[in-house]
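User: I would like to learn how to read the features of a model like this one. Please take them one at a time, with the general idea before the case.

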Amino acid sequence: MRRIRIAIFILLLAAALSAASHFAVFRVTQSVQAQLSGIRAAAGAQNYENAAHQIDALLEYYETRQHLLEFFIRRETVTSASVSLHGLSAYANGETIQDLFSEIDKASEQIHAMEHLFFSIF
Amino acid sequence: MAILLFRTLLVYVLIIGAMRLMGKKQLGELQPSELVSTILISNLASISIESPELPLIGSVVPVFIIVATEILLSALCVRSRRAAKLVSGSPRVIIRNGVIDQATLFDLRFTVDDLLEALRGKDVFELSDVAFAIVETNGSVSVLKKFPRDTPCNEDLHIEPPTAKQPSLPLLVDGVLNPVNMRLYSVDADWIDAQCRNAGLARKDVLLFLCNDAKETSIVKKESR
């Protein structure tokens with residue numbers, strides 16, 4: 001009987017952990033996507049200083065959340081997204097705005113792939 | 001490298017915990033679901049150790065989910081014969097009244113060589129000695145010999161029963177007393193010490209002290225190390 005109770009507890013704990021991980025990963029990826037959109041909007045409005053600040057804020061946010069993501073997602077995937085995000089700051093000026101948009105799209109797609117890897121069943 | 005060491009030790013301890021949680025049944029002859037869970041657990045554990053880039057939680061959580069599911073499934077099988085039959089199947093008779101049931105043999109994909117091998121594993125070397133043979137759900141074969149070829153028992157030979165009705169239990173192991181067994185056979189430490197002294201030993205010199213309900217003892221001395 002004791003083992004049965006422990007088994008039920010384990011399953012409930014696994015369900016709770018799964019729910020918590022879904023919530024945590026979803027919140028981080030949605031936040032990163034939102035911030036990328038904000039950077040794109042700022043760069044599109046030629047407010048490059050604001051875009052650069054937003055990029056710094058995004059990098060800081062991602063660095064603080066990276067350990068949480070690595071708890072649930074393959075380390076290579078998380079690190080690869082981090083590398084893409086770090087590449088944004090080099091293009092936050094008027095001369096390389098098209099490159100910035102391209103890098104934002106690339107980073108956004110990597111975050112999207114991370115979401116897909118984590119949330120998809122098949 | 002330190003991470004590898006840590007992960008290996010952690011996974012090792014967790015898997016021992018998982019196997020302990022599943023209980024002794026898992027360590028004996030395995031039912032199909034038990035075999036599956038053992039294989040899966042061992043694979044998950046090895047993946048976790050050899051792939052440090054994968055999150056540890058990605059293999060530890062599935063291991064414990066498998067353990068919990070196995071426990072609940074076995075509990076369900078205890079309560080429901082239908083569930084037990086669905087999960088583990090039923091025993092099948094392959095030799096009935098000394099005759100091989102060839103249809104069942106074919107159905108089980110048991111060859112004649114497999115059958116003879118299983119019989120030899122039960123110390124049966126003559127097919128004509130077998131009355132019944134049953135393939136159990138864990139794949140082992142149980143054999144009932146024909147009466148004239150069966151081993152006689154003590155009752156058949158009219159052998160008088162021994163004085164002891166219960167088996168010998170360890171009362172002292174490596175110098176440490178076992179109070180549970182001592183209570184079972186109503187002996188105390190003084191009596192054990194007296195028996196050891198009669199054998200020319202002190203308690204600390206004894207590796208194993210066995211005793212049955214007839215107070216028949218067997219003492220194994222520790223060898224010098």
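Analyst: Start with strand pairing: two strands pair if DSSP finds at least two bridges between them. The model is predicted. In chain B, five bridges join strand E7 (residues 206-211) to E8(B), and the two run antiparallel.

User: Which residue of E8(B) is the bridge partner of B:Leu208?

Analyst: B:Val220 is the bridge partner of B:Leu208.

User: In what order do the four strands of the open sheet in chain B lie?

Analyst: Strands of a sheet pair through backbone hydrogen bonds, either parallel or antiparallel. Here the order is E6-E5-E7-E8 in chain B, with antiparallel pairing, and the sheet is open. Strand E6 (176-177) and strand E8 (217-221) of chain B are at the edges; each has a single partner strand, so one side of each is left without a neighbour in the sheet.

User: Next, the chain contacts. How many residues of chain A are in contact with chain B?

Analyst: The size of an interface is often given as the accessible area lost when the parts come together. The figure here is a residue count instead: 15 residues of chain A are in contact with 14 residues of chain B. On the chain A side, the elements giving two or more residues are helix H1 (2-44), helix H2 (48-72) and helix H3 (75-86). H1(A) gives the largest share, eight residues. By type, the chain A side has ten nonpolar residues, no polar ones and five charged ones.

User: How do I read burial, and why does A:Ile104 count as buried?

Analyst: The criterion is a neighbour count: a residue is buried if 20 or more other C-beta atoms lie within 10 Å of its own. A:Ile104 has 21 C-beta neighbours inside 10 Å, and therefore counts as buried. A:Ile104 is in helix H4 of chain A. Leaving out residues up to four places away in sequence, A:Ile104 touches A:Leu36, A:Ile39, A:Arg40 and A:Leu88.

User: Which other residues of H4(A) are buried, and what do they pack against?

Analyst: Besides A:Ile104, the buried residues of H4(A) are A:Leu100, A:Glu103, A:Ala107, A:Ile111 and A:Met114. The buried residues of H4(A) pack against H1 and H3 of chain A. As for its length, H4(A) has 23 residues and spans 32 Å from first C-alpha to last, close to the 33 Å expected at 1.5 Å a residue.

User: Which residues have the most contacts inside the largest nonpolar core?

Analyst: That core has 23 residues, and those with the most contacts inside it are A:Ile39, A:Leu88, A:Ala92 and A:Ala107. H1, H2, H3 and helix H4 (97-119) of chain A each supply at least two of its residues, and H1(A) supplies the largest share, six. Another core lies apart from it and has eleven residues, among them B:Ala18, B:Met22, B:Ile41 and B:Ala68. Returning to A:Leu88, its contacts beyond four places in sequence are A:Ile39, A:Ile55, A:Leu100, A:Glu103, A:Ile104 and A:Ala107.

User: How should I set record annotations beside the model? Which residues does UniProt list for "transmembrane region" in chain B?

Analyst: Take the range from the record, then look at what the model has there. UniProt (unreviewed entry) lists residues 6-23 and 57-78 of chain B as "transmembrane region". In the model, residues 57-78 of chain B are 100% helix and 0% strand, with the end C-alpha atoms 31 Å apart. For chain A, UniProt places the feature "signal peptide" (unreviewed entry) at residues 1-19. That span of chain A is 95% helix and 0% strand, and its end C-alpha atoms lie 27 Å apart.

Terms used:
Residues are numbered from 1 along each chain as its sequence is written. Chains are lettered from A and ligands numbered from 1 in the order in which they are written. This is a predicted model: local features need pLDDT of at least 70, side-chain atom pairs count only at pLDDT 80 or more; totals for chains, interfaces and linings use all residues. Two residues are in contact if their C-beta atoms, placed from the backbone, lie within 7 Å. Ala, Val, Leu, Ile, Met, Phe, Trp, Tyr, Cys and Pro count as nonpolar, Asp, Glu, Lys and Arg as charged, and the others, Gly among them, as polar. A nonpolar core is a set of buried Ala, Val, Leu, Ile, Met, Phe, Trp, Tyr and Cys residues joined through C-beta atoms within 7 Å. A residue is buried if 20 or more other C-beta atoms lie within 10 Å of its own, exposed if 12 or fewer, and partly exposed in between; C-beta atoms are placed from the backbone. UniProt positions are given in the numbering used here, feature names are shortened, and annotations may be inferred rather than shown by experiment. The expected span of a helix is 1.5 Å times one less than its number of residues.
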